[in-house]
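Open the model in your viewer and keep the selection tool at hand. The stops below say what to select and what is there.

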Amino acid sequence: MGALDGRVAIVTGASRGIGAEIARRFAAEGARVAVSARTTEAGQSAFEGTIHETVQSIVDTDGVAVAVPANLARSEDRARLVEETERQLGPVDVLVNNGAVTWFGPVETFTEKHFRMMFEVQVRAPFELAQLVLPGMRARQWGAILNISSKGAIHPAGPPYNGGLGGTVYGMVKAALERFTTGLAAEVHADNVRVNVLSPTSIVPTPGVVHHNLLTPERAHLAEPVEVMAAAALALVTDPPGLTGRVAYSQQVLWELGLGPQPLDELLVGEHPRLGGVLAEE
C-alpha cells in the first residue's frame with residue numbers, strides 16, 4: 001500500500017527538475033498523476049526534459065500518469081488542466097504548484113512584462129488552480145495543496161547589505177505565495193484540506209539553477225539532491241494529518257519528522273513565524 005493509493009495529483013512544472021521528481025515519487029506511492037508544463041517536445045525549451053518523458057518514466061515503473069500541457073500564464077489553460085485531469089484520472093486530491101518562470105535583475109530596470117509574467121505564473125496560477133480544486137476537496141473532506149517556494153522569500157539581512165543579486169521580484173512572488181499558503185490553510189482547515197509551502201533547505205541543481213549560475217563552486221558541496229524535495233513533498237501531503245499551514249524547508253522538515261538527518265547548521269532556518277510548532281493536533 002502506497003501513501004497515496006487511490007489519490008489523483010496534479011504536479012505543475014513537471015517536465016524536469018523538482019516537479020518531475022515529485023511526480024515520480026507520488027506515482028511510486030500509488031497516485032495517478034497529471035504531469036503538466038509547457039514543454040511537450042524536445043527542443044521547445046533551452047532545458048532538457050518534457051512532460052511526455054516524465055510520464056514515460058512513471059509508466060516504465062508501473063505507475064499511472066498522463067501528460068496535460070498547460071501554459072500557467074493563461075487562465076484558460078489553468079481551467080483546462082483541471083478539467084483534463086478530472087476527465088482522465090478522476091477528482092483531484094493533491095495539487096502541487098511547482099510551475100515557475102523567473103528573471104533576475106535590479107528593480108530600477110526590471111521590465112513590466114517580466115514582472116507581470118512572474119506574478120501570473122507563480123502567484124495567480126496557484127491561486128486560481130486552488131480555487132478550481134477546492135470545492136471537490138472540501139466536499140470529500142480530504143485534500144492537499146503544496147506550493148513550492150524558496151529561501152528567496154526570506155527578507156535580506158541588514159543593514160549593511162551585500163548589494164543584492166537582482167532577486168527582489170523573485171523574493172516578492174515567493175513571499176506572496178507563502179502568505180497565500182498560510183491564509184488558505186486557515187480557511188480550509190475545518191474541511192480536512194491541508195495547505196503547506198515547501199522550499200529546498202539548500203540549492204537543488206536543477207536546469208534553471210544551473211542556467212542562472214546560482215550554484216557557485218564555493219557552495220557546490222551543499223547541493224541538495226532533487227529526491228530530498230520529493231520526499232519532503234510527500235511528507236507534507238500525507239503525514240502527519242495535522243501538518244498544515246507550514247512554511248517548511250526540505251531537509252529541516254524531514255529531520256523534524258524523523259525521516260532524515262539533521263541539516264548542516266549553516267543551512268538551518270532558525271526564525272520564521274510559521275516554522276516549527278506542533279506537527280499534529282492530538
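Two strands count as paired if DSSP finds at least two bridges between them. Helices (H or I, at least four residues) and strands (E, at least two) are DSSP runs, numbered from the N terminus. This is a predicted model, in which local features need pLDDT of at least 70 and side-chain atom pairs count only at pLDDT 80 or more, while totals for chains, interfaces and linings use all residues. Residues are numbered from 1 along each chain as its sequence is written, and side-chain values use heavy atoms, with hydrogens and water left out.

**Stop 1: β5 and β6.** Select residues 143-148, strand β5, and residues 193-199, strand β6; the two run parallel and are joined by six bridges. Within this pair, pick I145: its bridge partner in β6 is V195.

**Stop 2: the whole sheet.** Now show the strands together. Which order do they take in the sheet? It is β3-β2-β1-β4-β5-β6-β7, an open sheet of seven strands with parallel pairing. Select 64-67 (β3) and 247-249 (β7): these stand at the edges with a single partner strand each, so one side of each has no neighbour in the sheet. On average, neighbouring strands are turned by 20 degrees against each other, direction ignored. Axes here are lines fitted to C-alpha atoms, for helices over the stretch in contact, and angles run from 0 to 180 degrees between N-to-C directions.

**Stop 3: β4 and its partners.** Select β4 and look at its side chains. V94 and V96 point one way, L95 and N97 the other, and all are buried (under 20% relative accessible area; exposed is over 50%, partly exposed in between, with a 1.4 Å probe and protein chains only). β4 pairs with β1 in the parallel sense over three bridges, and A9 stands opposite V94. β4 is also joined to β5, again running parallel, by four bridges; there the bridge partner of V94 is A144. Follow the chain from β4 through helix α4 (residues 112-140) to β5: this β-α-β crossover is right-handed, meaning that with the strands pointing away from the viewer, the path from the first strand over the helix to the second runs clockwise.

**Stop 4: A3.** Go to the segment before β1, where A3 lies. Is A3 buried or partly exposed? A3 counts as partly exposed, at 45% relative accessibility. Leaving aside residues up to four places away in sequence, A3 touches E29, L234 and T238 (contact means heavy atoms within 4.5 Å). Finally, select A31: A3 and A31 are 28 residues apart in sequence and 8.4 Å apart in space, C-alpha to C-alpha.
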